[in-house]
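Biologist: I would like to go through the labels in this model with you, one at a time. Could you set each value beside its cut-off as we go?

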Amino acid sequence: MVPLLYFQLLGAALFGIGLYGVLARRSAVLIVLSIELMLNAVNINLIAAASYLNGIGRFDAFDGQIIAIFVITVAAAEVGLAFAIILRMYRNRGTVNVDEINLLKW
Amino acid sequence: MPLAFLIPVFSFLACPLIILFQRWLPGRGAPLAILAIGGGFVVWVLTTISFLGASPASPGCDVSGITGALTCHFSTTWFEAGIPGVVADVDQAIHLDWGIIIDPLTIVLLGLITFVAVGVQLYSLEYMKGDPRFGWYFAWQALFVASMLTLALADNFLLLYIAWELVGLCSYLLIGFWFENPGPREAAKKAFVVTRIGDVGLLVGILLLWLNVGSFSMTEAFAAVESGVLSEGTTLAVAILLFLGAMGKSAQFPFHVWLPDAMEGPTPVSALIHAATMVIAGVYLVARAYPIFAASPEALLIVASVGMVTALGAATIALVSTDLKRILAYSTISHLGLMMLSLGALGWTAAVFHLMAHGFAKALLFLGAGSVMHGVGAHGDVDIRRVGGLRRAMPLTAVVFSIGALSLGGIPILSGFWSKDEILLAVSDHLPMIFIVLAMLTAFLSALYMARAMFIVFFGPEGEDSHHAHESPFLMTGVMSVLAVLAVGFGWISFNWPGAFGGFGSFVFYDHAEGFHFNIVLAGLSIVLAVGAFVLVWLIYVRRSVSIESWQTRLAPVLRVVGNRYYVDEAYQWVIDRVILTVSAGLAFFDRAVVNDVGINGPADVVRKAGVALRLHVTGHVYSYALVVALGVIALAIFWWLRSV
C-alpha cells in the first residue's frame, strides 16, 4: 500500500505550487487557476486521509469524500463568480493584470 | 388692574405681525403699530382709574412698608427648579415668578411712555412717508415701546433685565435704521457697545443680589435690604453695580458718548429715545431700586456726584454745539444728570416729576427739530448757523418749539420750571453747598442753550438754508401741539389744588407723601437766572446789541476744549487704540502661536505624519495582501508546532 505520507507530500507540493501561483502570477485568470490548484491539493489530502482513517475511531471513508464534494461544488461556484468579476474588470479597465488594478492603494 | 400686563403685550404682538405681513397689511402695518400702542394707552387709562380707586384692601394690593405707597402685585409662576421633595435642601429650590408691579411710579411712567409713543408714531406716519423700510420702522417702534413698557412693569429683576436688553437691542435697530450710511451704522454700534458696558454692571448687580437674597423679586430684595440681611458693603456694591447699568442707559458721564451720536437715527426715534424710552430707563432703575440706594449714603453721594458732573459738563457742551439735534442731545444728557442729582439728593419725587416734565418737553423739541429738518429739506444735520428766522415759514413749529425750549429753560409757569425748582430745593436741603451752586449754574446754562437754539433757529436773521422752508403737515404739527399743551400745563399738577388731589408729591412719593415745596429765595434766584439767560441771548442773537466776539477770542482755549466735548471721545479712542488693541494683539499672538499652532495643529501634525508613514503598507495589490496572509498562516503554524513540541 502506498504510504499516507506520499499523498500528503503530493498535496503539499500542489498547495505550494498554487500558493506560488497566487502570489507570483500577474494575470487574474491564472491566479484563479492557482486557487483551484490549492483547493484540489486540499481535496487530495482529505480523500487520502479519509481512506487511511477508515474504521479508526469514529471516522469512516465517507467523511472526507463528502467534504471533498462540497469543496468541488464551492470551487465551481467560486470560479463562476471569479470569472464574472474578471470579465467586468476587463470591460472596465481593459486589463486583467492585477499590478495595474490598485485602486485601494494609499 | 391685573390686566395691565396687556399694555406691552399688544405691541409685542404687533411687531412680528408687521414684520411677517407688512406687504399685505394696510399702510405697511403702521396703523397696526399705532393701534397696538393706542390699545396700550387705553388699558393704561383703565388701569390708572382702577388704581386710583384701589385701597390696600383690594386684591393683590398693599401699602408697601418700604416706599409707603400703595403697591399692587400680580404674578404667576414662570418656572420652578429643585422643587421641595425632589431636592433634599429646600433652600436650593428656585421659584421664579414673573409678574407686574403697579404703583404710582409705574403708573406715571407708563402714562409718559404710551402717550409719547402714540404721538411719535403718529408723527412718524408723515415723517417716514416714502421710506423703503416703512413697515420695518413701525415694527421696531412697536417692539421698542413694548420692551420699555415691560421694563416699567416688571416686578422682578430678571424680567427687568430681559426688557432692559430688549430696549438696548431696539435702540440699536432704530438708531441704525438707515444702515446704508456709515454714520447711523457706527452710531448704532456705539450705542450698543457703550450701554453694554453698563449692562454688565447691572447683570452682576442683579446676580449679587440674587446670591444674597435668593430671589429675583424686587419686593424681597428691598425687604432684605431694609431688614439688614444684606451687609452694608454688599448693599453699596449692589447699588454701584445697578447704577453702572443706569449710567450706561441714561448716558451719564463717562458713558454719555453714545447719546449725541444716536441722533443719526430718524428724528422721531430720537424723540422717543430721549423722552420716553431708553434714557429714562436708567433713571427709572435708580428710582425703582431706591430702597437699595437709600440704605447706603455713599451710593447716594456717588449718584449725586455723577449726576452733577454729567449735568454741568453736558450743559457746557450744549452751549457751544452748532447742530440743532446735538444741542438737544446734550441737553438731554444734562437733564438726565439733574434727575440723577435729584435722586442722589433724596429728591425722589422731584426726579420723577422732572422726568415727566422733561419727557414731554424733549419729545416736543425733538419733534420740532424733525419738523425743521422736514421743512428745510435737511438730511442729517441742521446747522443752526445756516438756518434762521424760520418763524415766518414755520409759524406753528416756531411756537411749539419755543414752548418746549422755554419749559426746559425753566421759565415760570411752564412745566420745566416747577420740576427744576423741586430739584434745586432737594439739592439745597440734602447736599453740600457746592452742589446747589453748580446746580444753579447748570440751570442757568440750560436756559442759555435752549434760548440760543430757539432764537437762532426761529427768530434770528434768515439763514441760507431757510429760503425754501415750509410748514410741516397737519399730523406732525398736531402731535406737537398736544405735547406743547402738556409742556405748558403738566407742571401745574404738582400743586396742592383745592379738592381731593394733593399734588404730584402726594401720589408719587418715596417714604412719605410730600406737599409742593416752594422756597421763595431759590425760586426767585432761578427765575432771575432763567429769564436773564433768555434776555441775554435775545440781546445777543436777535437785537444784536450785545457782542460776544471779544469774549469768544478771550475764552478761545476754553471754548476749544468744550467744543471738542472735553475730548472724551478722543480719550476713549486713545484707550481703545493704545491699551485695548495692544492687549488684544498680545492675546491674538498667544492665540495663534500657542493655542492654535501648538495646541491644535500640533497633535494634528503628529497624526498626519504618522499616517503618511504608516499608510505605505497599503499597496493596493491583492497579491501582496495574500502574501501577508500566507506568511501569517505559516507563522501561526510554526508557533503551534513549537508549542506542541
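Modeller: Gladly! Let me begin with chain A, where 13% of the 106 residues count as buried. A residue is buried if 20 or more other C-beta atoms lie within 10 Å of its own, exposed if 12 or fewer, and partly exposed in between, with C-beta atoms placed from the backbone. One caution: this is a predicted model, in which local features need pLDDT of at least 70 and side-chain atom pairs count only at pLDDT 80 or more, while totals for chains, interfaces and linings use all residues. Residues are numbered from 1 along each chain as its sequence is written, and chains are lettered from A and ligands numbered from 1 in the order in which they are written.

Biologist: What is the secondary structure of chain A?

Modeller: Chain A has three helices and zero strands, in the order α-α-α along the sequence. Helices (H or I, at least four residues) and strands (E, at least two) are DSSP runs, numbered from the N terminus.

Biologist: How does the radius of gyration of chain A stand against that of a compact globule?

Modeller: Chain A has 17 Å, whereas a compact globule of 106 residues would have a value near 13 Å. The radius is taken over C-alpha atoms, and the globule rule is 2.2 Å times the number of residues to the power 0.38. Along the principal axes, the C-alpha atoms of chain A fill a box of roughly 55 × 25 × 25 Å.

Biologist: And what does chain B look like in the same terms?

Modeller: Chain B has 25 helices and three strands, and its C-alpha atoms fill a box of roughly 125 × 65 × 55 Å along the principal axes. Of its 645 residues, 49% count as buried.

Biologist: How many residues does each chain bring to the contact?

Modeller: Chain B gives 11 residues and chain A gives 10, where two residues are in contact if their C-beta atoms, placed from the backbone, lie within 7 Å. The chain B side that touches chain A divides into seven nonpolar, three polar and one charged. Here Ala, Val, Leu, Ile, Met, Phe, Trp, Tyr, Cys and Pro count as nonpolar, Asp, Glu, Lys and Arg as charged, and the others, Gly among them, as polar.

Biologist: What makes α17(B) a largely enclosed helix?

Modeller: Of its 16 residues, 13 are buried, so α17(B) is largely enclosed by the rest of the structure. This helix, residues 415–430 of chain B, reaches 23 Å from its first C-alpha to its last, close to the 22 Å expected; the expected span is 1.5 Å times one less than the number of residues.

Biologist: Why is α23(B) said to lie largely in the open?

Modeller: The number of buried residues among the eight of α23(B), residues 556–563, is zero, so this helix lies largely in the open. After α23(B) comes B:Arg565, with a positive phi near 55°.

Biologist: How do you know how α11(B) is oriented relative to α14(B)?

Modeller: The axes of α11 (residues 279–288) and α14 (residues 324–344) of chain B come within 10 Å and cross at roughly 0°. That makes α11(B) roughly parallel to α14(B), since angles under 35 degrees count as roughly parallel, over 145 as roughly antiparallel, 65 to 115 as roughly perpendicular and the rest as oblique. The axes are lines fitted to C-alpha atoms, for helices over the stretch in contact, and angles run from 0 to 180 degrees between N-to-C directions. Among the residues that meet are B:Val283 of α11(B) and B:Leu336 of α14(B). The residues of this contact divide into eight nonpolar, one polar and no charged.

Biologist: Is B:Met278 buried or exposed?

Modeller: B:Met278 counts as buried, with 29 C-beta neighbours inside 10 Å. B:Met278 lies in the loop between α10 (267–275) and α11 of chain B and has a positive phi of about 55° although it is not a glycine.

Biologist: What makes B:Arg28 a buried residue?

Modeller: B:Arg28 has 22 other C-beta atoms within 10 Å. Its place is the loop between α1 (6–21) and α2 (30–52) of chain B, and its phi is positive, near 55°.

Biologist: Why is B:Asp511 called partly exposed?

Modeller: B:Asp511 has 15 other C-beta atoms within 10 Å. Leaving aside neighbours within four places in sequence, B:Asp511 is in contact with B:Thr67 and B:Gly68. B:Asp511 and B:Thr67 are 444 residues apart in sequence, yet 4.7 Å apart in space, C-alpha to C-alpha.
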